[in-house]
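Trainee: Please take me through the nonpolar packing and the ligand shell here. I would like one close look.

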Amino acid sequence: MHNVRTVAVIGLGYVGLPTAALLARAGFDVQGVDRDPEIIAELEAGECRLSEREVAAIVRDAIASGRLSVAANAEPADAFIICVPTPVTPGGGADMSMVEAAINAAAPAIAAGALVILESTSPIGATRDVIASALVARGLDPEADVDIAYCPERVFPGATVREILRNDRVVGGLTERAASRAKLFYRSFCEGGVVTASAETAEFAKLMENTFRDVNIALANAFALIAEDAGVDVMEVIGAANRHPRVDVLSPGPGVGGHCIPVDPWFLIDRFPEAASLMRMSREINDGQAARLLGRLEEAGLPSGSTVAILGAAYRGNLDDARESPTIRLLSALADRGYAWRVHDPHVRRMSAPGGIDAILSDDLTATLAGADAAMIMTDHSAYRMLSPDKFDGMSGRLIADGRRVLHVQAFVEAGYTVVPLGAPLARAGV
Ligand SMILES: NC(=O)c1ccc[n+]([C@@H]2O[C@H](COP(=O)([O-])OP(=O)(O)OC[C@H]3O[C@@H](n4cnc5c(N)ncnc54)[C@H](O)[C@@H]3O)[C@@H](O)[C@H]2O)c1
């Protein structure tokens, strides 16, 4: 038996809020806890700021049902789930300050018999070092009195509800009893398989998953660089290579974004710098892609001080999320090299770029392109896949960098454009 009827979910963001709503839908009495008073006020008013329609619907239903209430501080409960952010520090390590703040604030409400689960992506050892230590300080024995487990989230933004419910999970317990209890708990509201392990194994597994993606994207980006130098099209080469039954090369692009893939490898690199040298190099390759694409545009004739229209702020197609997006790195490169810019995105409404960089967004493509000297496609939104050359008529220049390989290059060349396709040689009339 998991012996859980009441649950406090701490951190009501992309992961915590849908988890809280799904728990409420499964019949648990759920408190959603967040330190942001605006989030609490919105949820109390029955509003949900997350734009995924299915998430917003289950959140509204959960609040209306009375099974999900929200507050700034956790009350006593049978289970506590921590889903607060774990960004990278400026020095490249894991910033666990929000997890520490969350467990310390919740500790007075945690009594013997509670199940305490950390879902935030964390370095190896964090469940023991941060969660267990905070409960020891509260006078609880982390093995005898409470059940502490680490259960990383694997959701894919855009399919959050389906993935929380159906993905397999790895549950790492500080003790076997904690792992078994956490497994029963997840089984009570999720359909995917649950593997039990030690907390350290589960922590490492989560970091390994996203590092695997990052390194493989870096490999595709290195292939793109070779293809540009060799004068062939990397997409054609990848298509051919992937016919091999045991090969699956990923797609190259102008970088990776989101709060997982570009972040999580650092939690390994920071602790194991020598063993993780491949991971560090992969991070450098992926983070350098946006500036590299700009460099190719410069070689193709981008006039100094000109204005670049950027198509796409989101880190992935058809998403409204610009966190850690390659466009943010492109803005830094443009600022460093003295260019002006405008950013278009059909989905993203908010974007924050560091260093006082102005990243005002528009959803008007014609206005964004009007008078621009060049355009750079940074996101594979469906809306960009159907673009024909006449949509770019208002530009004053005729240079386009296609970082996502969405354009029909020949049509643009015939219309008088010079196209710099990522992973393929420059294309212009007569070349
Ligand atoms: N978003 C994803 O798709 C995803 C996928 C897998 C793993 N993760 C991991 O899950 C964790 C949470 O990510 P997220 O995307 O949901 O973050 P988020 O930024 O969307 O939301 C986090 C919420 O936690 C709140 N918060 C911060 N500190 C708090 C505290 N001390 N007490 C109470 N509330 C606090 C914030 O106000 C915010 O509302 C991170 O470790 C992330 O790496 C996220």
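Mentor: We start with packing and then turn to the ligand and the backbone. This is a predicted model: local features need pLDDT of at least 70, side-chain atom pairs count only at pLDDT 80 or more, and totals for chains, interfaces and linings use all residues. Residues are numbered from 1 along each chain as its sequence is written.

The largest nonpolar core has 84 residues. Such a core is a set of buried Ala, Val, Leu, Ile, Met, Phe, Trp, Tyr and Cys residues joined through C-beta atoms within 7 Å. Buried means 20 or more other C-beta atoms within 10 Å; exposed means 12 or fewer; partly exposed lies in between; C-beta atoms are placed from the backbone. Ile10 is among the residues with the most contacts inside this core, along with Phe80, Ile82, Ile117 and Ala149. Not counting residues up to four places away in sequence, the contacts of Ile10 include Val33, Ala74, Phe80 and Ala106; a contact puts two C-beta atoms, placed from the backbone, within 7 Å. A second, separate core of 48 residues includes Ala313, Met351, Phe392 and Ala424.

Now the ligand. It is surrounded by 28 residues, the closest being Gly11, Gly13, Tyr14, Val15 and Ser120.

Last, the backbone. Arginine 405 has a positive phi near 55°. This arginine 405 sits in the loop between strand E13 (399–402) and helix H15 (409–414).

Definitions and conventions. Near = placed C-beta within 6 Å. Helix = DSSP H or I, 4+ residues; strand = E, 2+ residues; numbered from the N terminus.
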